[in-house]
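Please look through the model below before reading on. The notes that follow take it point by point.

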Amino acid sequence: MSQTRWRIVFAEPFAEQAVSQMREIGDIRELTRCDESYLMEAVADCDALLVRTASRVTRRVLEAAPRLRVIGRGGVGLDNVDLDAARERGVTVVYTPGTATDAVADLTFGLMLSLVWDLRGCDAGVRDERFAAVRAAVRPRELSALTLGIVGLGRIGQAVARRAAHGFGMRVLYNDLVDPGPLDFPATPVDKDRVFAESDIVSLHVPLTEATRGLVREAALARFKPGAFLINTSRGAVVDGHALDRALRSGRLGGAGLDVFDPEPLPADHPLLSAPNTVFTPHVGARTALAQARINGVVEDVIRVLRGLAALYPA
Ligand code: NAD
């Protein structure tokens with residue numbers, strides 16, 4: 001009896017081991033581009049599509065894929081897949097929740113500590129023979145004396161809050177749409193305005209949705225405590241980059257640590273790139289060996305769905 005060989009498209013790079021696993025059950029095509037028109041052509045006869053962050057699986061892409069059964073999103077945010085269109089077409093979407101939680105939480109503290117200690121300025125001072133002058137400046141803040149405000153107390157938000165409360169002795173405020181249930185760290189639920197107004201550092205951990213797109217723009221920034229820091233490791237479009245740039249240049253905000261941008265990468269002439277008191281990382285929140293190994297594991301769920309089994313991590 002001949003066994004079905006699935007047609008599988010990897011729209012973005014995955015680990016060789018993940019590709020090999022899929023090669024055992026199907027014919028593989030690995031794309032070098034993932035813009036919409038290219039994707040539409042590539043999915044025409046495919047059964048499974050594997051994407052990461054860059055591909056946008058729009059309704060048009062889904063309509064161009066009559067055989068598609070399953071989309072494997074290696075990673076956490078699902079904002080790049082049109083989930084309604086997938087549902088309507090009976091396409092299962094699987095992803096890898098929780099795989100980068102500790103990595104993103106660690107990076108969040110990397111950004112916070114970098115701002116609080118001005119590590120960029122300190123590093124430059126040591127290299128530029130301004131050792132004594134930079135040392136002489138007294139840092140105005142220590143984390144243990146600060147209030148951290150978290151928007152989105154899900155997996156990553158909780159990992160950040162736990163580190164903040166237990167590791168750094170910070171006071172933690174949070175806002176979420178749902179009650180997170182019993183927490184193993186002290187934290188106070190408040191509305192978003194209070195998070196903005198009472199926090200020395202605001203850290204964003206929401207998914208990108210219609211409700212969170214542009215959540216931090218001019219009006220929200222005007223409510224921030226003067227001199228507060230903003231950390232964004234969620235999605236770039238949750239923050240209005242131009243409004244943030246103005247708040248930093250006016251001194252209204254004390255600094256910003258960003259791992260995500262809108263668009264990614266920012267064009268070279270984007271004002272934010274030269275705004276004061278910033279530290280940027282190129283969307284590396286999930287780029288640790290451990291997180292990547294887990295993210296590549298999405299292929300196992302894709303194989304389950306192709307074999308007619310229930311998905312372990314459906315969207
Ligand atoms: P999660 O689903 O566990 O948590 C998200 C939380 O946000 C939920 O508790 C949800 O109720 C809450 N939320 C949703 N809309 C909200 C709103 N309007 N106001 C307040 N709260 C709201 O997800 P997670 O695993 O914690 O990941 C969060 C986000 O982090 C992902 O969606 C992704 O965009 C981003 N992320 C970034 C990286 C990176 O490399 N920087 C890596 C992984 C995840």
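1. Is Val 93 buried or exposed? At 7% relative accessibility, Val 93 counts as buried (buried means under 20% relative accessible area, exposed over 50%, partly exposed in between, with a 1.4 Å probe and protein chains only). Val 93 sits in strand β5. Strands (E, at least two residues) and helices (H or I, at least four) are DSSP runs numbered from the N terminus.

2. A word on the basis of these notes. This is a predicted model, in which local features need pLDDT of at least 70 and side-chain atom pairs count only at pLDDT 80 or more, while totals for chains, interfaces and linings use all residues. Residues are numbered from 1 along each chain as its sequence is written, and side-chain values use heavy atoms, with hydrogens and water left out.

3. The surroundings of Val 93 come next. Leaving aside neighbours within four places in sequence, Val 93 is in contact (heavy atoms within 4.5 Å) with Ile 71, Leu 78, Val 81, Leu 83, Ala 86, Tyr 313, Pro 314 and Ala 315. Between Val 93 and Leu 78 there are 9.3 Å from C-alpha to C-alpha, and the two are 15 residues apart in sequence.

4. Strand β5 belongs to an open sheet of 5 strands, ordered β2-β1-β3-β4-β5 with parallel pairing; two strands pair if DSSP finds at least two bridges between them. At the edges are β2 (26–30) and β5 (92–94), each of which pairs on one side only. On average, neighbouring strands of this sheet are turned by 15° against each other, direction ignored. Axes are lines fitted to C-alpha atoms, for helices over the stretch in contact, and angles run from 0 to 180 degrees between N-to-C directions.

5. Within this sheet, β1 (residues 6–10) and β2 run parallel and are joined by 5 bridges. Arg 7 has Asp 27 in β2 as its bridge partner. Helix α1 (residues 16–23) packs on the sheet, touching β1, β2 and β3 (48–51), and its direction makes about 145° with that of β2. Helix α13 (residues 298–306) also packs on the sheet, where it touches β1, β3, β4 (70–73) and β5; its direction makes about 170° with that of β4.

6. There is also an open sheet of 7 strands with parallel pairing, in the order β8-β7-β6-β9-β10-β11-β12. Its edge strands are β8 (188–189) and β12, each pairing on one side only. Helix α8 (residues 155–167) packs on this sheet and touches β6 (147–151) and β7 (171–175), with its direction at about 170° to that of β6.

7. Why is strand β11 described as largely enclosed? In β11 (residues 253–258), 6 of the 6 residues are buried, so the strand is largely enclosed by the rest of the structure. Strand β10 (residues 228–232) pairs with β11 in the parallel sense over 5 bridges. Ala 228 has Leu 253 as its bridge partner in β11, and Asn 232 has Leu 258.

8. On a 1 Å grid over the protein atoms alone, a cavity is a set of points where a 1.4 Å probe fits but cannot get out, and lining residues have an atom within 4 Å of a point. The count comes to 1 cavity of 30 Å³ or more. The largest cavity has a volume of about 70 Å³, a volume being the space filled by probe spheres set on the points, which are joined across faces, edges and corners. Its lining includes Asn 232 and Leu 258.

Definitions and conventions. 1 Å grid on protein atoms, 1.4 Å probe; cavity = no way out; pocket = protein on both sides within 12 Å on 5 of 7 lines; lining within 4 Å.
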